[in-house]
Amino acid sequence: MEQTFLELRGLSKDFGGLRAVNNVSFSMNRNEIVGLIGPNGAGKTTLVRLITSILKPDSGSIRFKGQNLIGLKTWDIINLGIACTFQNMRPFRRLPIIANVMVSCLGPRAMKRGEWVKRIEAKAMDALEFAGISDMALEKASTLSQGDLKRLEVARAVATDPELLLLDEPFGGLSPAETDLMAKSIKRLHKGGRFGRLHSEGPAMIIIEHKLQQLMKIVDRIIVLNYGEIIADGAPEEVVTNKEVVDSYLGKGGI
Ligand SMILES: Nc1ncnc2c1ncn2[C@@H]1O[C@H](COP(=O)(O)OP(=O)(O)O)[C@@H](O)[C@H]1O
Ligand SMILES: [Mg+2]
């Protein structure tokens, strides 16, 4: 039997008396890009933190290509091929931008593919190029604007060579023109093949976003969370007209 790429079953996480993620189950394929949407506080970021083992669930299971992820360390998860970006970005501000990305290339996942340390700089440059900030590679990270920090965040995740990439609000803080650029980069990355030395096959993705019009142009499928529960899961056009989604999140104006 073929292994499911990613499978979550009955996943729950409480913070004190608050159930942030409530009995969430879904699975996705190797070739999918899934949008994860819902109101603020719905549990989207918590779900990503559960998948990457930054948080431990109170119940439920997570399997990646058949392997149980619960209880693993986050660096093990990265070495299995899952990378994420963070909504709140914390770069090494006093280090050059390229050094921030080179750190991501240092794990055994990159090394085992025969990439020597001296090639790491080139690999980090590829990731910066992908993110559109390679011309700033030698500046300190503290000089970056909010939008460029977002791009650094994506470069750092991409440089780990993920098979599954979890993006938490990649368009946050970006102008409409920057958002378009980021959307194009994400699509190009997913297609794979033509991106420097980093990928032969583009990663599957879960993308958390509030900018739905742009998100809908990239994703194959959208999952909607509300109060920690999945209230819709399907094709983007169906999901955004779903009554419960409109009532709880989109409002009468739609997207
Ligand atoms: N570390 C934490 N400690 C306590 N409560 C948290 C923590 N992280 C998130 N929460 C709460 O869990 C709920 C879900 O948060 P979050 O996953 O960040 O939502 P979203 O990303 O969908 O906006 C919110 O009510 C939030 O306040
Ligand atoms: Mg969030």
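Is Val-34 buried or exposed? With a relative accessible area of 1%, Val-34 is buried, where buried means under 20% relative accessible area, exposed over 50% and partly exposed in between (1.4 Å probe, protein chains only). The model is predicted: local features need pLDDT of at least 70, side-chain atom pairs count only at pLDDT 80 or more, and totals for chains, interfaces and linings use all residues. Residues are numbered from 1 along each chain as its sequence is written, chains are lettered from A and ligands numbered from 1 in the order in which they are written, and side-chain values use heavy atoms, with hydrogens and water left out.

Val-34 belongs to strand 3 (residues 33-37); helices (H or I, at least four residues) and strands (E, at least two) are DSSP runs, numbered from the N terminus. Val-219 is 185 residues from Val-34 in sequence, yet the two C-alpha atoms are 5.5 Å apart in space.

Helix 1 (residues 44-51) is likewise mostly covered, with 7 of its 8 residues buried. These are Lys-44, Thr-45, Thr-46, Leu-47, Val-48, Leu-50 and Ile-51. Just after helix 1, Ser-53 has a positive phi of about 65°.

Strand 2 (18-28) and helix 1 each supply at least two shell residues. The residues around the ligand are Phe-15, Leu-18, Ala-20, Pro-39, Asn-40, Gly-41, Ala-42, Gly-43, Lys-44, Thr-45 and Thr-46, each with a heavy atom within 4 Å of it. By type the shell divides into 5 nonpolar, 5 polar and 1 charged. In this count Ala, Val, Leu, Ile, Met, Phe, Trp, Tyr, Cys and Pro are nonpolar, Asp, Glu, Lys and Arg are charged, and the others, Gly among them, are polar.

Backbone atoms come close to oxygen atoms of ligand 1 at several points. A backbone N or O atom of Gly-41 lies 2.7 Å from a ligand oxygen, and one of Gly-43 lies 3.0 Å from a ligand oxygen. For Ala-42, a polar backbone atom is 3.2 Å from an oxygen atom of the ligand. Taken alone, ligand 1 exposes 560 Å², of which the protein buries 63%; accessible areas come from the Shrake-Rupley method with a 1.4 Å probe, and for residues only the protein chains shown count as cover.

Elsewhere, Leu-106 lies in the loop between helix 3 (97-102) and helix 4 (108-111). Leu-106 counts as partly exposed because its relative accessibility is 46%.

How values were computed. A polar contact is a pair of N or O atoms within 3.5 Å; within protein, one must be able to donate a hydrogen and the other to accept it, and residues adjacent in sequence count only if both atoms are side-chain atoms.
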